[in-house]
Amino acid sequence: MPTLDPVEIGEHVCWIVDPALGHQGYKAVTSTFLADGELFGDKVVIVGSLLDTSAFTGGTRGAVVVDPRSAGADAAAGIGSMLGLVRREADRAGRQGYRALRVLAVMDELVPPGVDVDELLAHELRLDEFVADREAIVVCAYGGDRFGAALGHVACVHHLELESEPRRSAPSFRMYNSGPGVWSVCGAVDADGAEVFRAALVTAAALAPTLRLRFDELELMDAAGMRALVEAATHSRVRRITVEGANATVRLCWEMLGYGTYDVPVELAR
Amino acid sequence: MSAETVRGERADGLRHELYSYSGEEEFLSGALSFIHDALAADEIVLVSVPQDREQILRAEPVGSDPRVLFMDTAVLGRNPARLIPAWERWVVEHAGRGRGVRGIGETGWIGRGAAEIAEIRYHEWLLNLAFTRSPAWWLLCPYDTGTVDPEEMRKISRCHPYVMESGAHRASDAYVDEPFAWDELEKACDPSEEFPYGRGDLAAVRERVTACAVQHGLGGERLRETLVAVTEVAANSITHGGGHGTLRTWVRQGTLVCEFHDDGVIDDPMAGRRRPTPQLPGGRGLWLVHQLCDLVEIRSTPESGTTVRLHVTILPPS
């Protein structure tokens, strides 16, 4: 069973809930999340009715519980309204003297079946921007059996992924916001994750007029990853992407593939 | 035979000529005769030879002629698969200036293992295919019979349509226009340890290679470069080789070998030896592999599938 103990302020976490554990899986982890909120003086917001909060030791400990279904909103509004809600609660938490805002979102309830993956990706990237900008922790709980391949997409755009068993097929990179219009990429962008990387970049490009990528923590990027980067720059609104902090191997491969010589809309800065 | 006469016989593409010599003196005599003929016809000569050969040519008066250009082959490393794209670039650069172009290309032979020698021979065979549509140019390939095994020399002769002997140029009697005959791959070490991989397993493939590489002292940027190469080959198995493959790794004589096998077929003999352009949708993976590894062996048939061996020299710790 994973734990939310290591989660810190400024982190956006993808928690993949083991379907075999059912509600027990949510309950055990959420109890500690609530307790930590109280311990550290955080304001806790739970978005989702799946959780029988009365069953937690110590009750909800003053948490704000929002049932997205009770609002009668449609699916898209459900995702969109969550961002508005956490922004408002973050403002309130600051005024109320809390250290930070601590959000647990039960995505199974917020996201309807068959939702457009790009829309989900855009939602998570916006949430990531919010977390980077505010004193907040956001944990997005996804039922491991509900989202299929889309889970791979969304997990990549969180700082941290928590799950009972590591998924072999999960892409090997993460992309997270590290300032206005700046996204850090870590791990390895390879053929397994190139399509997700391209989709994440195109979505991020729609959020800001310029796009800077920090590759300081990127170990390697293969030819498929580099192709995805060039394609995203070519087909997105920003028309140009600046890459900073790439290691010597990434720069070497970039040159070997001719991207440094040809006119491509990506600048690999030193 | 004068250069003018031979030039008149040339069609577009490459005139690929073997020069078997014995010792430094004969090398110098043949190379100088070739260069003098070229300069007499106001052609440019690109010279790509081992460092000791370069030094003796540079010491000659023609060595300072601006039409004789010594190519920096050190940047190419040991992998013979990098030679054709390098010649392609050099020839296009210089043939575009309206002058005839000749080349002298000798590959360092000493210290080469059996796998490297087979790849040099394949490179010679591929040269005949690679430049069929290029501007006309003439490549002289000197081989020192004192260092090359006679049987290997015989095989190399079969790849050269022309030959230079005693300063004269003629069609070769030994040349055979035939499919390339591969030698068997050297026996693998530790063949029992096979790692099967499929979609979503690229990270696991890298972990496997890292474990073997680190154990034998390979790290840092060279390890990262190796991991890019293995990622490319494994991804090719998944995309083009039936969706899965097997990996074996071993270290022999200071070289890390990563062997991949899958059910696909690579039917382009030039695969990975053409410089990719950003406009092309594919063809980058094997190119990168050839650029990053010290040697790449590929065996591919419809009957037995494809085996790719990547060789990476493990440098001793400094």
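A residue counts as buried when its relative accessible area is under 20%. In this predicted model, A:Y259 falls under that cut-off, because its relative accessibility is 2%. A:W254 is likewise buried, at a relative accessibility of 3%.

B:Y122 belongs to helix α5 of chain B (residues 114-130), whereas B:W182 is placed in the loop between β7 (168-171) and β8 (195-198) of that chain, so the contact ties together parts that lie 60 residues apart in sequence. Over all chains, the structure contains 15 aromatic pairs. Ring pairs also join B:W87, B:W90, B:F131 and B:W137 into a cluster.

Arginine side chains are placed over phenylalanine rings in both chain A and chain B. In chain A, the charged end of A:R102 sits over the ring of A:F33, at a distance of 5.0 Å from the ring centre. In chain B, B:R53 lies over the face of B:F27, and the corresponding distance to the ring centre is 5.1 Å.

Helix α8 of chain B comprises 21 residues (220-240). From its first C-alpha to its last, α8(B) extends 30 Å, close to the 30 Å expected at 1.5 Å a residue. Most of α8(B) is covered, with 16 of its 21 residues buried. The helix is followed by B:G242, which has a positive phi near 95 degrees.

In chain A, strand β2 (residues 43-47) includes A:I46. The relative accessible area of A:I46 is 0%, so this residue is buried. Between the C-alpha atoms of A:I46 and A:V131, which are 85 residues apart along the chain, the separation is 16 Å.

An unreviewed UniProt entry assigns the feature "domain: STAS" to residues 182-270 of chain A. Within the model, this span is 38% helix and 26% strand. The C-alpha atoms at the ends of residues 182-270 of chain A are 16 Å apart.

Key:
Residues numbered from 1 in each chain as written. Chains lettered and ligands numbered in written order. Predicted model: local features only at pLDDT ≥ 70, side-chain atom pairs only at ≥ 80, totals over all residues. Heavy atoms only, no water. UniProt positions renumbered as here; feature names shortened; annotations may be inferred. Helix = DSSP H or I, 4+ residues; strand = E, 2+ residues; numbered from the N terminus. Expected span 1.5 Å × (residues − 1). Buried < 20%, exposed > 50% of the residue type's maximum accessible area, 1.4 Å probe, protein only. Phe/Tyr/Trp six-rings, centres within 6.5 Å; stacked < 30°, edge-to-face > 60°. Lys NZ or Arg CZ within 6 Å of the ring centre and 35° of its normal.
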